[in-house]
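Welcome, and please open your viewer. Have the selection tool ready, and we will walk through a few stops together.

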Amino acid sequence: MELEDQWWRGQLATDIYQALRYKELKLPSYKGQSPQLNLRRYYADLIAVVSNHFRLCPAARHLAVYLLDLFMDRYDVTEQQLAVVSLSCLLLASKFEEREDQVPKLETLNSLGCISSMNLILTKQGLLHMELLLLETFQWNLYLPTAAHFIEYCLSIAIHEGDLHDGWPLTCLEKSKLYMAKYADYFLEVSLQDHVFLCFAPSLLAAACVASSRLVLHLSPTWPPQLQRLTGYTWENLVPCAEKLLIAHDSDVREANKQKCQQQQQMVYHSSGQTATVAQCLHRPSLQYPQQASHRSASYLSHSTTSLPAPNGPQHGSTQTISASLDPKSNLTNRAYQVSMHYTCAAPCFDR
């Protein structure tokens with residue numbers, strides 16, 4: 001969109017936010033009725049892999065997935081066509097959100113391993129034809145706000161010097177803002193993995209990403225008055241969406257712990273020549289993983305462009321991991337979150 005760089009810091013930030021809020025009221029309806037809905041996750045990941053390869057902005061990636069969702073919702077598309085549709089959505093979104101020199105080139109797209117692995121050869125004529133069909137479907141209107149267009153505005157005051165972490169004052173405001181930005185980006189990417197998040201307004205989803213980040217980071221109050229005034233959303237408005245985000249986070253924690261246990265088993269096996277149980281691994285002090293601040297915002301960010309999982313594989317929930325920043329001994333059960341209470345998952349500690 002034709003928005004000034006870092007518009008959320010300018011004098012017109014409030015006006016631009018209200019204009020985006022007004023525009024999201026007119027977004028096309030999504031019914032989730034595509035016959036190929038089970039393939040949606042695979043092609044959303046394909047868009048993510050390609051966009052990360054070309055270092056496209058989050059707004060382009062989110063707009064591309066949104067265009068794909070709307071197109072699949074209206075047309076019965078074959079699996080072979082879905083690949084072309086997905087890449088055409090990404091090209092249109094990048095042309096709308098990025099500078100011209102950032103738009104992926106046809107030759108480079110065809111050279112990617114994830115494209116050749118599908119036995120797909122893109123042609124200029126085929127892409128132009130699909131782009132034209134997409135533009136006609138959306139009546140030449142790509143001004144479609146996504147959560148990525150709102151997230152920076154919400155993050156502009158997501159951390160305040162008066163916030164408390166586990167009841168203690170923050171001593172390093174800049175470090176706290178970095179943690180907040182990483183977790184907000186993580187939850188934003190989680191929202192791309194499941195079409196269920198399309199039932200929430202993009203501005204509400206962005207606010208819920210910030211609220212979920214504050215919960216995970218043990219910041220209080222969870223939803224301070226300044227964020228409520230800035231976004232126009234109360235805590236009660238955010239609970240349904242935040243709960244889904246945190247359930248996905250739980251799943252990622254369990255997967256991260258599972259992977260760590262497997263790594264520990266391998267380490268014990270190679271060092272002793274015997275297979276150790278998971279419990280034995282967890283109780284070996286020398287094999288405990290230290291908590292660190294870094295994490296990966298999404299699992300597909302680590303995917304190589306030379307391969308991509310087959311689309312017919314099982315469609316799990318969010319598979320992002322932030323294993324480096326989580327307690328490896330967390331024992332989280334599959335439950336509905338009581339998000340109105342204190343979030344119990346371990347989070348990186350701030351310096352006090």
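Helices here are DSSP runs of H or I with at least four residues, numbered from the N terminus. Keep in mind along the way that this is a predicted model.

**First stop: S213.** Select helix 10, residues 202-216, and pick out S213 within it. Is S213 buried or exposed? Its relative accessible area is 0%, and because buried means under 20%, S213 counts as buried. Now show its side chain, which reaches the backbone oxygen of C209 at 2.8 Å.

**Second stop: helix 4.** Select residues 79-97, which form helix 4. Of its 19 residues, 14 are buried, so the rest of the structure largely encloses this helix.

Two packed helices are described by the angle between their axes and the distance between the axes. Select residues 13-24 for helix 1 and residues 147-155 for helix 8; they pack at an angle of about 145 degrees, with axes 11 Å apart. Their crossing is left-handed.

Which residues meet here? On the helix 1 side, show A13, T14, Y17, L20, R21 and E24; on the helix 8 side, show H149, F150 and Y153. Colour this contact by residue type and you will find 5 nonpolar, 2 polar and 2 charged residues.

Definitions and conventions. Residues numbered from 1 in each chain as written. Predicted model: local features only at pLDDT ≥ 70, side-chain atom pairs only at ≥ 80, totals over all residues. Heavy atoms only, no water. Axes fitted to C-alpha atoms, helices over the stretch in contact; angles between N-to-C directions. Helix = DSSP H or I, 4+ residues; strand = E, 2+ residues; numbered from the N terminus. Left-handed = near helix turned anticlockwise from the far one by under 90°. Contact = heavy atoms within 4.5 Å. Nonpolar A, V, L, I, M, F, W, Y, C, P; charged D, E, K, R; others polar. Expected span 1.5 Å × (residues − 1). Buried < 20%, exposed > 50% of the residue type's maximum accessible area, 1.4 Å probe, protein only. Polar contact = N/O pair within 3.5 Å; in protein donor to acceptor, adjacent residues only side chain to side chain.
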